[in-house]
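User: I'm new to this one and would like to learn how to read it. Could you walk me through it step by step?

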Amino acid sequence: MSPGAIAWMAIFAVSAACFFVVAGVVSLLGIRDVKDLLRRHR
Amino acid sequence: MNFTALDWVIVIVYLAFTIWAGIWVRRYVEDLGGYLVAGRRVRLALGVATLVATEIGTVSFVYLAELGYVAGFSCFVIGLLAAAAYVLVGRTGFIVSGLREQGVMTIPEYYEGRYGRPVRLLGGIILFIGGVLNMGIFLKFDGIFLSEVMGYGPRAVAVIMSVMMVVVVAYTVLGGMLSVVVTDFLQFVVLSFGMMVATIAAFIAVPPRTMAAAVALHLGDAGMDPLANPRFGWPFIVWIFVSSVAAAALWQPGVSKALSSESPEVARKVFFYTGLTFAGRAMIPMVWGIAALAYFGPGMPTLAVMPRLLGVIVPSGLLGLLVAGMLAASMSTYSAYTLAWSSVFARDIVGCLGPADRSEAVTIRTTRYATVGIAVFLLTFGLWYHVPDTAFQYLYISGAMYTAGALAVVAAGLYWPRATALGAYAALLCGAAAPMGFLLLERMRERLPSWLAFVTDVNVAGLLSFGLAAAGMVVGSLATPQAAVRTPVANRSGL
């Protein structure tokens, strides 16, 4: 692979990791927020 | 046929659960604030989930993968620009904190407090037209994606489009923003899983080394360097960054999520954490497009090639999960967009033309009718419209029709006390002129005089719209006598 391709792949790896980490955390914490939202609308 | 009975069961169970959840939540809607901004009770994690889900649709997978297929790694710069824009808005609170503090439900509502009711009406009309046109191609792209992945081909596009729209309209009309937020969360979880499945499958079928070799072979330097690619270059980079900042801060479907947050501070954080996902949100489907280039080679239909790849490489069972994830992405986008544009229609267009003492029940009813009307328009428009240039550029140029003027009007309104209604009119009209000119004149490109040909360059037209809008705001405001300048108003809603 050329240095350019390696650099773009590294940027992709970091970006994809950020996406899936935030997605995982938000999926776990979001359940609490949904419950809270519905409780406060009751 | 790629789709097996097991895949169908997964998709049907998922769809049934989403519809049930969306409709079940309607019982919690108590008033207009509950219907349009979920009572402004959305916390951080839920806010991030719903904003990310709104900004990821199957249409975005298709157009971003198309870019990966035709431009290789060089299009990754778009993901970096979008991430930088959202993180900038999230760190500074640029515009979104100010709008949340004002307590408005739609952006044109802010125009009325700052510039007067006629500006709100004009801004509402431009926002509505730009927004609905922007959304016009979503259904078609989603239909292409799903019919290719499932193996049914183009003949199934219209049927898939219609079923998806009916499902989304059902729960959006009934439950408003509360249904949108709750279903967005479910959809966010499912679409994230679907994205992971597709990415792993793409890397198993096409290793990184093969992707890099295909880009070098078929695209050369243009596939590695965005400045060497004739599709991009500096005008494109500047336009997309400015446009991404404007879209982050002012695109009604996204901003309505900030306006639903429980405080301006939460609104700012929602944008910051969403920004952290935005490079990945763009690059993940771009990699699918690059994998399709390596797998099939060049010369395939650019929009259909990525879904065709996924239909081939993702095994049965997982394909059902992938399609459920893509349906989730689409439905969360449709629901947020149709609600955003119908609320602008009801509050900022019909509301400005009718009596001031209109009841909340009438506004909610008008919003529901508008949602159905938009859905019917999308079904008909999406079937016959042919997208000029790449889909990505169509979406940004149609969005610029509104965002260019809105950026000048809202930013000046919040941060420049000298801004006036005349400046706002000039900014809104000048900002819409260049994109509108592109969309109309691009169809008669061959017959245009040479001095007007620059308008048919999508990058120039897009960048021009922001320059013209800013110039319109400055010139119009300075041309207004100082005595006519309105004093900005504080939050009137108390929410």
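**Reading the model, feature by feature**

Analyst: Let's start where the chains meet. In this predicted model, 27 residues of chain A are in contact with 38 residues of chain B. On the side of chain A that touches chain B, 17 residues are nonpolar, six are polar and four are charged.

User: Now chain B itself. How many helices and strands does chain B have?

Analyst: Chain B has 20 helices and zero strands. Its radius of gyration is 22 Å, close to the 23 Å that the globule rule gives for 495 residues, so chain B is as compact as a globular protein of that length. If you box up its C-alpha atoms along the principal axes, you get roughly 65 × 60 × 40 Å.

User: What share of the residues of chain B count as buried?

Analyst: Of its 495 residues, 64% do.

User: How do I read two packed helices?

Analyst: Two packed helices are described by the angle between their axes and the distance between the axes. Take helix H8 (residues 117-135) and helix H18 (residues 391-415), both of chain B: they pack at an angle of about 155 degrees, with axes 8 Å apart. Angles over 145 degrees count as roughly antiparallel, so that is what H8(B) is to H18(B). Their crossing is left-handed.

User: Which residues of H8(B) and H18(B) meet?

Analyst: From H8(B), they include Gly123(B), Ile126(B), Gly130(B) and Gly131(B). From H18(B), they include Ser398(B), Gly399(B), Tyr402(B) and Gly405(B). By class, this contact has eight nonpolar, seven polar and no charged residues.

User: Is helix H13 of chain B largely enclosed or exposed, and why?

Analyst: Burial is judged by counting neighbours: a residue is buried if 20 or more other C-beta atoms lie within 10 Å of its own. In H13(B) (residues 252-259), eight of the eight residues are buried, so the helix is largely enclosed by the rest of the structure. Among them are Gln252(B), Ser256(B) and Lys257(B), along with Val255(B) and Leu259(B).

User: And what about Ala158(B): how many other C-beta atoms are within 10 Å?

Analyst: Ala158(B) has 16 of them, so this residue is partly exposed. You'll find Ala158(B) in helix H10 (residues 157-205) of chain B. For a sense of scale, Ala158(B) and Asp457(B) are 299 residues apart in sequence and 31 Å apart in space, C-alpha to C-alpha.

Key: Residues numbered from 1 in each chain as written. Chains lettered and ligands numbered in written order. Predicted model: local features only at pLDDT ≥ 70, side-chain atom pairs only at ≥ 80, totals over all residues. Buried ≥ 20, exposed ≤ 12 C-beta atoms within 10 Å, placed from the backbone. Helix = DSSP H or I, 4+ residues; strand = E, 2+ residues; numbered from the N terminus. Contact = placed C-beta atoms within 7 Å. Nonpolar A, V, L, I, M, F, W, Y, C, P; charged D, E, K, R; others polar. Rg over C-alpha atoms; globule rule 2.2 N^0.38 Å. Axes fitted to C-alpha atoms, helices over the stretch in contact; angles between N-to-C directions. Parallel < 35°, antiparallel > 145°, perpendicular 65-115°, else oblique. Left-handed = near helix turned anticlockwise from the far one by under 90°.
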